[in-house]
Amino acid sequence: MQAFQLLRFGGQMLVNILLTKSALGLRDIGLFDTFLFVTTSISFFWIAGITNSLMALYPKREGEERKLFLFNAFFLLVIANLLICIAFGVFSNQLMSWVYPEGEFPHKWLLLLFLLFNNPSFLIEHILYLEGKPKLLFIYGTGVMLINVFLVLLPVWLGYGLQGALLGLVVFAILKFVLLLAVLTRNARFQVQPAMFKEHSYIALPLALSIFVSGAGDLVDGYLVSTHFDKGVFAIFRYGARELPFAIMLANAFSTAAILHVAKDLETSLPFIKQRARQMMHLLFPITIILMLTSKWLYVWVFRDEFVSSAPVFNIYLLLLVSRMVFPQTILNGLKQTRPILIFALMEISLNVLLSIVFIQWWGILGVACATVISSYFDKACLVSYNWIKNGITPTTYIDLRWWLAYTVLLFFVYGFSLTF
């Protein structure tokens, strides 16, 4: 699962890099990023809610019941996606106005088609993981990366511009949806079970809400920047507002996979989470430190001169790694305790909104980045405290505090040093 997320992220990064090297202007690159920003913003939370709850519920099934459960998970995804697509089709002008105030978004029907076919296809990697097919998962991830790059970049290189790139995305989404149907044919039984549908919905809904609220920080950041600055600055912010490349992918993939371990056996899952988190720290913190010290030159080399202003934003977002290496939410998801996750996520987004509004007046886009980091730290501190107080799970059972604290202090020291040159 982690390798798959790395491959997907690698494809996205390669597309971003090659677009900056293409004939597309800064405005078109900003529109392309706006397209992806909107599709992600209105989909990420409910997709993650359904797929993460699938990971927690699937181990309780056996034999033929698992096949039925997979199809009903697909059915739930399709129903939710159709509702989202209908809502977008009806209210697209209002929804798009906050990121595209110039008028009607010129590519909204391509965006709708992309939503329709792309969103259900996120089920593919989860089915392959649950069915114990890591080789197929890796092959699928490799194919996703290569085909994504090819279908987006080829039209641009042939002179079809932004319209061609977006059409390439739609074709890519259709291909994945066809593959999803093929995967379901082999691994699921096509029969709607109202009881399964209801149970899955009951677990997925609060989880989706908590993920939406927790992830709404990106929406807040994007909204504030898009309304205070032009599309060029928005593109600079979005290219900088990225955590350590592949770190969030590794962390989320591990968190999703570890839900299975918690759901099966809490006692043995805690040292497993601690060990794997420590391994990720040893990999990701050194890479983060190197990137923090070299980001000013990397942004010029990888992208182009206009994006050098993205480097300071990027350095602040790198500090999010501190909170990403702590996994109290994984334990709560495995225990099906989603209510506290939602409550603390509401507190996090409230703090993020408040700090962003204040900080953007003082430090511009850098202030927005600072607000995101502070609110993320607050959320994880609350979740760790809840596990300790309510569930009796001490932090040391699933966090290697010695290494985590050492790396945290070192990272902040390096960040302070990076400001001096």
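**Helix packing and buried cores in the predicted model**

The axes of helix 2 (residues 26-41) and helix 8 (residues 161-187) come within 10 Å of each other and cross at roughly 25°. Axes here are lines fitted to C-alpha atoms, taken for helices over the stretch in contact, with angles running from 0 to 180 degrees between N-to-C directions. Helices (H or I, at least four residues) and strands (E, at least two) are DSSP runs, numbered from the N terminus. The structure is a predicted model, in which local features need pLDDT of at least 70, side-chain atom pairs count only at pLDDT 80 or more, and totals for chains, interfaces and linings use all residues. Residues are numbered from 1 along each chain as its sequence is written, and side-chain values use heavy atoms, with hydrogens and water left out.

With that crossing angle, helix 2 and helix 8 are therefore roughly parallel to each other. Angles under 35 degrees count as roughly parallel, over 145 as roughly antiparallel, 65 to 115 as roughly perpendicular and the rest as oblique. Helix 2 passes helix 8 in a right-handed crossing; a crossing is right-handed if the near helix is turned clockwise from the far one by less than a right angle, and left-handed if anticlockwise. On the helix 2 side, the contact (heavy atoms within 4.5 Å) is made by Asp28, Leu31, Phe32, Phe35 and Leu36, and on the helix 8 side by Leu162, Ala165, Leu166 and Leu169. Sorted by class, that makes eight nonpolar, no polar and one charged residues. Ala, Val, Leu, Ile, Met, Phe, Trp, Tyr, Cys and Pro count as nonpolar, Asp, Glu, Lys and Arg as charged, and the others, Gly among them, as polar.

Helix 8 also packs against helix 5 (residues 108-118), with axes that come within 8 Å and cross at roughly 20°. Helix 5 and helix 8 are therefore roughly parallel too, but helix 5 passes helix 8 in a left-handed crossing. Helix 5 brings Leu110, Leu113, Phe114, Phe117 and Asn118 to this contact, while helix 8 supplies Gln163, Leu166, Leu167, Leu169, Val170, Ala173, Ile174, Lys176 and Phe177. The class count here is eleven nonpolar, two polar and one charged residues.

Helix 2 and helix 5 meet as well. Their axes come within 11 Å and cross at roughly 45°, so the two helices are oblique to each other, and the crossing is right-handed. Phe35, Val38 and Thr39 in helix 2 meet Leu110, Leu111, Phe114 and Leu115 in helix 5. This contact has six nonpolar, one polar and no charged residues.

Zooming out, the protein has 18 helices and zero strands. Buried residues make up 56% of its 421 residues, where buried means under 20% relative accessible area, exposed over 50%, and partly exposed in between (1.4 Å probe, protein chains only). Of the contacts with a separation of 6 or more, 84% are between residues 24 or more positions apart.

The largest nonpolar core holds 54 residues, and those with the most contacts inside it are Ile273, Leu284, Phe285, Met325, Phe327 and Tyr398. A nonpolar core is a set of buried Ala, Val, Leu, Ile, Met, Phe, Trp, Tyr and Cys residues joined through side-chain atoms within 4.5 Å. Elements that give two or more residues to this core include helix 9 (194-228), helix 16 (339-363) and helix 17 (365-390). Its largest share, eleven residues, comes from helix 12. Leaving out residues up to four places away in sequence, Phe285 touches Met280, Leu321, Val322, Met325, Tyr407, Thr408 and Leu411. A second, separate core of 43 residues includes Ile47, Ala188, Ile211 and Leu260.

Asn315 lies in helix 13 and is buried, with a relative accessible area of 6%. Beyond residues up to four places away in sequence, Asn315 touches Leu291, Met292, Ser295, Tyr415 and Ser418. Asn315 and Arg242 are 73 residues apart in sequence and 9.0 Å apart in space, C-alpha to C-alpha. Gln329, found in helix 15 (residues 328-334), counts as buried at 16% relative accessibility. Lys133 sits in the loop between helix 6 (123-130) and helix 7 (134-157) and counts as partly exposed at 27% relative accessibility. Apart from its neighbours within four places in sequence, Lys133 is in contact with Leu128 and Asn187.
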